[in-house]
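Thanks for coming. I will go through one structure, part by part, and keep to what the coordinates give.

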Amino acid sequence: MPSAKSPRRKSPAPIDLHDPQYYFNRSLSWLEFNKRVLHEAYDPRTPLLERLKFMAIFSSNLDEFFMVRVAGLKQQVESGIVQGGADGMPPAEQLQAVRQYLLPIVTEQHRYFDQELRALLAKEAIFLSRFNELTPEQQAYLNDYFQAQVFPVLTPLAVDPAHPFPYISSLSLNLAVLIGDPDSGQERLARVKVPNQFPRFVALPPHLHSPQGAHWVGVPLEEIIAHNLNTLFPGMEIQAYFAFRITRSADLELETDKADDLLIAIEQEIRKRRFGSVVRLEVQRGIPLLLKQTLMEEMDLEEIDVYELDGLLCLNDLFAFMALPLPQFKDAEWHPQVPPRFQRVEERESMFDTSSEITTLGTDYWEAVANELFSLIREGDILVHHPYHSFAATVQRFITLAAHDPQVLAIKMTLYRTSGDSPIVSALIKAAENGKQVAVLVELKARFDEENNILWARKLEKVGVHVVYGVPGLKTHTKTVLVVRQEAGQIRRYVHIGTGNYNPKTAGLYEDLGLFSCREELGADLSELFNVLTGYSRQRDYRQLLVAPTTMRDRTLQLIYREIEHARNGQPGRIIAKMNAITDTQVIRALYEASQAGVEIDLIIRGMCCLRPGVPGVSDRIRVISIIGRFLEHSRIFYFGNNGEPEYYIGSADWRSRNLDRRVEAITPIQDPSIQLELKELLEIMLADNRQAWELQPDGTYRQRQPAPGEPERGTHSLLMARTHKEVQASH
């Protein structure tokens, strides 16, 4: 008999990389990030006052999430949009999912603070007390404080047919007071705003501390006001009071291509922001249903928008405790170090008497020190890493010296966010006064920094700086400086290309990288990029820079597909990328294809990650970690193995659609072998982290790494501080 034929095996169905199951929702991924931030407040390894700081950061982040992301989802629902993103979740479902995910987290946050952190503070003689827990003497002191300081500022507002419901400012803390009228027997409602001109937590003087020797004793301001309501409503009966707080939409509805004057248009939109629609109501648990419904009706809210919470509202204000002079309850202080090569500049400075004001230093000083700095850069590219390296001694010094150096002809720079008392802006003003050509791109649409940026734009314009506001329809997010200098009869261009803002304050808190170079190709690229920003150039190609929105997306995909080709040819394929977020579906699909082809991929993503790692047959060669700690990981680093000839890049852009398509961004290749080695070591330290690293699981949750028994703790930030200190000490 003929043998039976073996059944033919069916080839597996092709994987549809557009399937929503392979993508995490953006909003929920961001909430997972903020949950990791909150975990630092729960972690007993975190110093006590730093735990309060992380509580505050979590709450502050959440405010912005509601002001922007939730507000945007609500607008989509109101506009009838039902289509979701790559994950397929419609806006209305996202709002429900946000509520379902977030409510237990914020409930636990408030419970933990009220019941556990307060007790831990008391154990260390830091007493955040309730008013009714104080002694009569302490209460009398605070009542006097109320009468002398607070009472004159308060404006109690009645709510009745003759007094319409008052305007409530976003993020302000308020008391809703139920009042009984003894004459009519009617119940009245009033609102008292807790003024922000006073400290949120009012400290008692040391002679009233109980127990004696306590580090700090105080109470929340709203409790002092609440226990003095009879003073505000004499002759009435105070029946109940409850704290509440609202959050308004903060998105600017600006059509930049229709605005005749962008600066004026944004100023007008900022004023409108005060009256944005309410997107969240926070109230103290136990508020009477009728009172809650009144607040909801007046602000056009539904139950999904209301968060009833225990204890204190507005935990953002816990930042205040970081000002206490109690270093034993904080991270060990870190002083950013002067990188070894920049120490030569300091040595040259030490040859001059710099005790006088900087404005009175002579030309010989500026020439000598500037020559030292620029000669350093001519010797080879320099990488700086903040906050491990000093921003003041590197980036700030570079701009300041350029402003005073007689050989510098022009300075061009982008400003996205800077500090309120910015020495960078002061240097640019001085450069203009010194007769240099100064052109500055001030990004007026940097969210929540619009007013600050308008202020600086006007200051710069007054002294003759050429101030521009970028390309219509695009936000300028690139971090670049171009200095044009005349040297021995020729023109030379010096550049700084970074991953972070030119902000001395955040440079001490945010982890960022910056490259100093005088490579001719980079200088020429930056000249052409600034021509795009200030003029009518339609530059499409650049020699070395990857520039969004023109070349960055295509070049990024080419680099990924090159690794795919290497892997398909039997050669090793390798990608490591570090950034704040990855949400762009085209890039994610390319990474999925790379994983399927055999490319090994490690992603270090601090925040949102819509890519689902570890899915068999789709992303099983992709690993994702997030590093959370004392510094905010903000740098972007990209490594492509390129079959043994690796390429490294740093710059301002994440792999998000907004960065690749709707912003002006710049990423620079790193060509110096010693700097490539620095970046390699930096990535290896992060990938080996077993203290601050969280691993993204295929289900979208994160698992924090822990040292194995007997294994030393490897925290990225502590290791890099130690390494930097050792490097600097060895150079002396």
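Let me start with helix H11, residues 392–404, which is mostly covered: 12 of its 13 residues are buried. Buried here means under 20% relative accessible area, exposed is over 50%, and partly exposed is in between, with a 1.4 Å probe and protein chains only. Helices (H or I, at least four residues) and strands (E, at least two) are DSSP runs, numbered from the N terminus.

Some housekeeping. This is a predicted model, where local features need pLDDT of at least 70 and side-chain atom pairs count only at pLDDT 80 or more, while totals for chains, interfaces and linings use all residues. Residues are numbered from 1 along each chain as its sequence is written, and side-chain values use heavy atoms, with hydrogens and water left out.

Back to H11. Its buried residues include Arg397, Phe398 and His404. The helix also has a kink of about 30°, centred on phenylalanine 398. The bend at a residue is the angle between axes fitted to the seven residues ending there and the seven starting there.

Next, strand E10, residues 382–386, where five of five residues are buried. Ile382, Val384 and His386 point one way, Leu383 and His385 the other. E10 runs antiparallel to strand E17, residues 510–517, and five bridges join them. Histidine 385 has leucine 513 as its bridge partner in E17. Two strands count as paired if DSSP finds at least two bridges between them.

Now the sheet. Six strands form an open sheet of mixed pairing, in the order E2-E4-E3-E7-E8-E9. Why is one side of E2 and of E9 left without a neighbour in the sheet? Strand E2 (157–159) and strand E9 (306–309) stand at the edges, and each has a single partner strand, so one side of each is left open in that sense. From one strand to the next, the twist averages 30°. E2 is joined to strand E4, residues 187–193, by three bridges, and the two run antiparallel. Leucine 157 stands opposite arginine 191 in E4.

Helix H2 lies across strand E7 (237–248), strand E8 (278–284) and E9, at about 135° to E8. Contact means heavy atoms within 4.5 Å. Axes are lines fitted to C-alpha atoms, for helices over the stretch in contact, and angles run from 0 to 180 degrees between N-to-C directions.

On to the cores. A nonpolar core is a set of buried Ala, Val, Leu, Ile, Met, Phe, Trp, Tyr and Cys residues joined through side-chain atoms within 4.5 Å. The largest has 122 residues, and those with the most contacts inside it are Ile225, Phe321, Ile582, Leu591 and Leu603. H2, residues 48–78, gives the most to this core, with 13 residues. Another core, of 50 residues, lies apart from it, with Phe374 and Tyr502 among them.

Last, the aromatics. Rings of Phe, Tyr and Trp (its six-membered ring) pair if their centres lie within 6.5 Å; planes under 30 degrees apart count as stacked, over 60 as edge-to-face and the rest as tilted. That rule gives 22 aromatic pairs. The rings of tyrosine 145 and phenylalanine 198 have centres 6.5 Å apart and planes at 75°, so this pair is edge-to-face. Tyrosine 145 is in helix H4 (136–150) and phenylalanine 198 in the loop between E4 and strand E5 (201–203), so the pair ties together parts 53 residues apart in sequence. Both residues, tyrosine 145 and phenylalanine 198, are buried.
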